[in-house]
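Okay, everyone, thanks for coming.

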Amino acid sequence: MTLAVFFGCTFIAFGPALGLFLFTIARDPLRIIILIAGAFFWLVSLLLSSLIWFIAVKASDPQDEPLQKGLLIFGVMFSVLLQEAFRFLYYKLLRKAIEGLVALSEDGCSPISIQQMAYVAGVGFGLMSGAFSMINLLADSLGPGTVGIHGDSQLYFLTSAFMTMVLIFLHTFWGIIFFHGCEHRCWWEIAAVVIMHLTVSGSTFCNPLYVGSLVPSYLVMATAAAWAYMLSGGSARNLRRFLLCLQSGASPQLGS
């Protein structure tokens, strides 16, 4: 493997997320705090789920392959449920934070809305998830091994990078949908996020048939993106006007 593979996979996995951070979060200290706290909540959920899975593996027969595979599936599904549980806990914490900000402000308004918090928290979840998904793979991509030397797919690092990118975006969209469901007590939206998360995580068991994991994941991402866009106040008319402005070379004006 070469440095080109390392940097290529790095930019594929984290380039779009880095753009989100630089253009929408980096200039606001409050958003940075919310992002870091969201990453911490995801990290704690991973720690607890890893601990449960580790105890289950140590307490079982390591020679029983069907049992070990079942424990792996259980660990993934349990981790998904725990992540969503911590997303809910984070929503409750941010809800309390908004109430405190309103009480302290002079005009009685919060400096950040719950929709903005949902977006930033989702990016925090996604960035930490992506970091843990790719950090070891990026280290391995520097060599000295060679991918596919025994007849396996040589696209392992590339497909992992694209999967990491889609997971970062999905966590961002899921955060918006999940927080909207909590805010308006639309529990079916919360259930939909959990089901989508389980579906994407479950599709990774199709690997090394990467089409079986990437295609469903990107279809789920497209669905979640459209859903989050609509919940955030977007519409087909606004999107069409934005695209027309880009084609004409005019600068889109932000709404008041």
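This is a predicted model: local features need pLDDT of at least 70, side-chain atom pairs count only at pLDDT 80 or more; totals for chains, interfaces and linings use all residues.

Which residues is Tyr90 in contact with, leaving aside its neighbours within four places in sequence? Going along the chain, you get Ile34, Ala37, Gly38 and Phe41, then Ala121 and Phe125, and then Phe179.

Tyr90 is also one of the residues with the most contacts inside the largest nonpolar core, along with Leu170 and Phe179. That core has 43 residues. Helices H2, H3, H4, H5, H6 and H7 each give two or more residues to it, and H5 puts in the largest share, with 13 residues. There's another core lying apart from that one, made of ten residues, including Cys9, Ala13, Ala17 and Leu138.

Zooming out, the protein has eight helices and zero strands. Of its 256 residues, 36% count as buried. And if you take the contacts between residues at least 6 apart in sequence, 74% of them join residues at least 24 apart.

Is Glu189 buried or exposed? Glu189 is buried, and yet it has no salt bridge. The nearest side chain of opposite charge is Arg87, and that's 12 Å away. What Glu189 does contact, again skipping neighbours within four places in sequence, is Ile177, His180, Gly181, Trp227 and Leu231.

Terms used
Residues are numbered from 1 along each chain as its sequence is written. Side-chain values use heavy atoms; hydrogens and water are left out. A nonpolar core is a set of buried Ala, Val, Leu, Ile, Met, Phe, Trp, Tyr and Cys residues joined through side-chain atoms within 4.5 Å. Buried means under 20% relative accessible area, exposed over 50%, partly exposed in between (1.4 Å probe, protein chains only). Helices (H or I, at least four residues) and strands (E, at least two) are DSSP runs, numbered from the N terminus. Contact means heavy atoms within 4.5 Å. Lys and Arg count as positive and Asp and Glu as negative; His and the chain ends are not counted. A salt bridge is a side-chain nitrogen of Lys or Arg within 4 Å of a carboxyl oxygen of Asp or Glu.
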